[in-house]
Each structure stands twice: as C-alpha cells, then as structure tokens.
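Reader: I am new to this structure and would like to learn how to read its features one at a time. Could you show it to me, and then take me from single residues to the whole chain?

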Amino acid sequence: MAEKRIPLRIAGVGYGLPKAVVTNDDLTKLYETSDEWIYTRTGIKERRVVSGNETAIDLGFEAAKNAIEKSGVKIEDIDLVLAASSAPPQLYPAIACHIQAKLGIPNYVPAFDITAACTGLIYGLQIARGLIGSGFYKNILIVATDNNSKLVDWTDRSTSILFGDGAGAMVVTRAEDGIDDVLALDIRADGSIGEYIYMDMPGQTCPLVEPAEQKDCHIKMNGREVYKFVVTILPKYIEKCLDEANMKAEEVDYLIPHQANQRIIEAMQSRLGYDDSKVISNIRYYGNTSAASIPIALAEGVENGKIKLGTTAILCGFGAGMTWGAAIVRLREGIC
Ligand code: ACO
C-alpha cells in the first residue's frame, strides 16, 4: 500500500514590484505601435520595469519578506529555498542563494533555482509538495522573480510589448492540522516544441579557434503558436485537476491564471463558464511577469478585495519549454 503523503499548507503569499512604469504610449517612442494595437491584442496598458541597481533579486527579496511575514514562520525555521526564474540577473549564484543571504536564512539551508519559465511557481509547488510530503523538509520558501525587461529586445515590438518585471513568493509548510491545501496538481513539459519561446545564451567562441561573432541573446517567441498551443492544451489539464480533486468547475471559487495575454485568460474563462468575478486578471497593469504573475495576481487580488479567503482557486500556467501546469488549491484566511 502506498504511504500517505504529509499534507501541505500554503501559509503565506507576497509580492514585490518595481516602481518604474512604462505605458503603451511610452513604447511608441521606440517603434511603430499604438496603445490600441497592444491593448486590443493583449489586454496590457502598462508594465513595471526595474531601474538603477534594482534586479529580480531585490524584487524577490521583497516578495519573500511579505510572504514570510504573513506565514508566521520564523526565518530560522525555513529549511529550503527554491527560486523560479527565467530572466535572472546572474546565471549563478542562484537567485535562491542570494535571497537566502539577504533574508538571513541560516547559511547552511539548501537553495536552488528552477528553470520552468512562466510555469515556475507551479513547478516549485510540486517540488515542495513532494519534499514536504515525504517528510524531508518542513518549511519551504518558493520565490518566483524575473527582470524580463533586461532580456527582451527593446527594438522588437512583437515581444517587448508583452513583458514586465515583478516577483511573487509563497511559504509552504507541513499542515499540522492534516488539511491539505493542494487538492490537485499536475505539471508537464514538451521539449519538442521548445522553439516556440527561447532565449539563446551563445556565449563567445574561443578566438584561437574561430573569429569572434556578435550573437543575439534576447527572448524570441512565436506568439501565434504559443497562443494556439496554450488554448488547446491548458484546459485539458485544468479538467484533469478538477477530476483529481473530485470537483466540478463551478465548485471552485476563482481562476488565477498566468497573465500572458488577456485573450488566453478569456478563452480559459469561457471554457470554465466563469463570470468575471471569478477570474483574476491584472495583466492590464503589469504585463507578463513570468512565473511571478500567479502569486502577484493572488496577493494583489486579496489586497484589493477581489479575492476572498477561505476559498479555493485554480492556478494555471505555461511557458518556455514548453512547460505547463495547473493546481487546485485552498486559500486559507490570513495567507496574504
Ligand atoms: N504594434 C503594431 N503592430 C505589431 C506589433 C505591435 N506591437 N507587433 C506585431 N505587429 C504586427 C506584425 O508586424 C504583423 O504585421 P504584418 O502582418 O504586416 O507582418 C502583424 O502585427 C501581426 O503580427 P502577429 O505577430 O502575427 O500578431 P498576433 O495577432 O499573433 O499578436 C501577440 C501577437 C499579441 C504576441 C499574440 O500572438 C500573443 O499574445 N500570443 C501569445 C503570446 C504569449 O502568451 N506568450 C507567452 C509569453 S511567454 C511566457 O509566458 C513564458
């Protein structure tokens, strides 16, 4: 007989955003575009970007601090740090190591990054679920943070309109009351379509072997293929999670999707038959903040009263890889 997994509690959620705002009108100074073109195709009006010395590490630190405060877990009791990032300021040290040090988490606690692009938070939750479930760790900090603005090509109007910077964080712990906050969770990947979204890191050639060559290293995306893929595949996995949780769509209180494109959000909303009050969208103000978008939408949704706690939500995301995933979670009182 399979051993029973220790249940997981989502104890705290927080977010952090840079202050600098870039509006669609601002972008018209860079290339030929318009607020109308961008807004009607994406739902985005503005996005936040890091400035000065600020990086995804600072944003992640702020989000983590907020999540830890809400969770009531003491810094010294955190026993694992995971960070999800696809646009980190450094390839290494890992963002998780930076955040461990900045927060004063004991300097022997393991810390590592996950590369699952915009699905990173859901991947992190699955890893944490396994590690808490098996009894290896008790209190895990998951940080999702990206400074996309440093990696987009600001001359490419088809990608740079979409992305913004931001961070979200979750503290998950062993559920001492035995109530599992993850009712269902499924993560997936299909590497055979990795060319839909990618960012090369070509480095440089050895000048003794071949002459140096200028190579492009920005986010590249086939927006149409991403769109078609997501609206076909993601609803199936949401349905799979509903089956696993033994719930009907109408029994779940909210849909908190990855904020990549308002049209994708609306396609999922209509598949689920949800009215606007059940769907959390803040893409208008922040664009696509990669893995951070789900925890930002959750924490901000609670802050502005759109999300009531003591409820349940479908979280779902997709990103480069291609990776995707969905979860049905309990949102307890006091988590954010
Ligand atoms: N302003 C004005 N015109 C533009 C712009 C712009 N910012 N960008 C592209 N165009 C033009 C193109 O040049 C093209 O012109 P042409 O027909 O003369 O060649 C025309 O508009 C259509 O371009 P498409 O790229 O085909 O536009 P599309 O309708 O597909 O919309 C978009 C592009 C908004 C990116 C859409 O494909 C999309 O949102 N896809 C999903 C993207 C997504 O969710 N990505 C996930 C992000 S990554 C992640 O989350 C990990």
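Reader: Are Phe-229 and Trp-324 buried or exposed?

Author: A residue is called buried under 20% relative accessible area, exposed over 50% and partly exposed in between, with a 1.4 Å probe and protein chains only. Here Phe-229 is buried, and Trp-324 is buried as well. This is a predicted model, in which local features need pLDDT of at least 70 and side-chain atom pairs count only at pLDDT 80 or more, while totals for chains, interfaces and linings use all residues. Residues are numbered from 1 along each chain as its sequence is written, and side-chain values use heavy atoms, with hydrogens and water left out.

Reader: How many aromatic pairs are there, and which kind do Phe-229 and Trp-324 form?

Author: Rings of Phe, Tyr and Trp (its six-membered ring) pair if their centres lie within 6.5 Å, and planes under 30 degrees apart count as stacked, over 60 as edge-to-face and the rest as tilted. The count comes to 4 aromatic pairs. The rings of Phe-229 and Trp-324 are edge-to-face, with 5.3 Å from centre to centre and 75° between the planes. Since Phe-229 belongs to helix H6 (residues 223-245) and Trp-324 to strand S13 (residues 323-331), the pair ties together parts that are 95 residues apart in sequence. Ring pairs also link Tyr-196, Phe-229, Tyr-237 and Trp-324 into a cluster.

Reader: Where does Tyr-198 lie, and which residues does Tyr-198 touch?

Author: Helices (H or I, at least four residues) and strands (E, at least two) are DSSP runs, numbered from the N terminus. Tyr-198 lies in strand S9, which covers residues 197-199, and Tyr-198 counts as partly exposed at 35% relative accessibility. A contact means heavy atoms within 4.5 Å; leaving aside residues up to four places away in sequence, Tyr-198 touches His-218, Ile-219 and Lys-220. The C-alpha atoms of Tyr-198 and Ile-219 are separated by 5.9 Å, although these residues are 21 residues apart along the chain.

Reader: How many helices and strands does the chain have, and why does the chain count as compact?

Author: The chain has 9 helices and 13 strands. The radius of gyration is taken over C-alpha atoms, and the globule rule is 2.2 Å times the number of residues to the power 0.38. The chain has a radius of gyration of 19 Å, close to the 20 Å that the rule gives for 336 residues, so the chain is as compact as a globular protein of that length. Buried residues make up 54% of the 336 residues.
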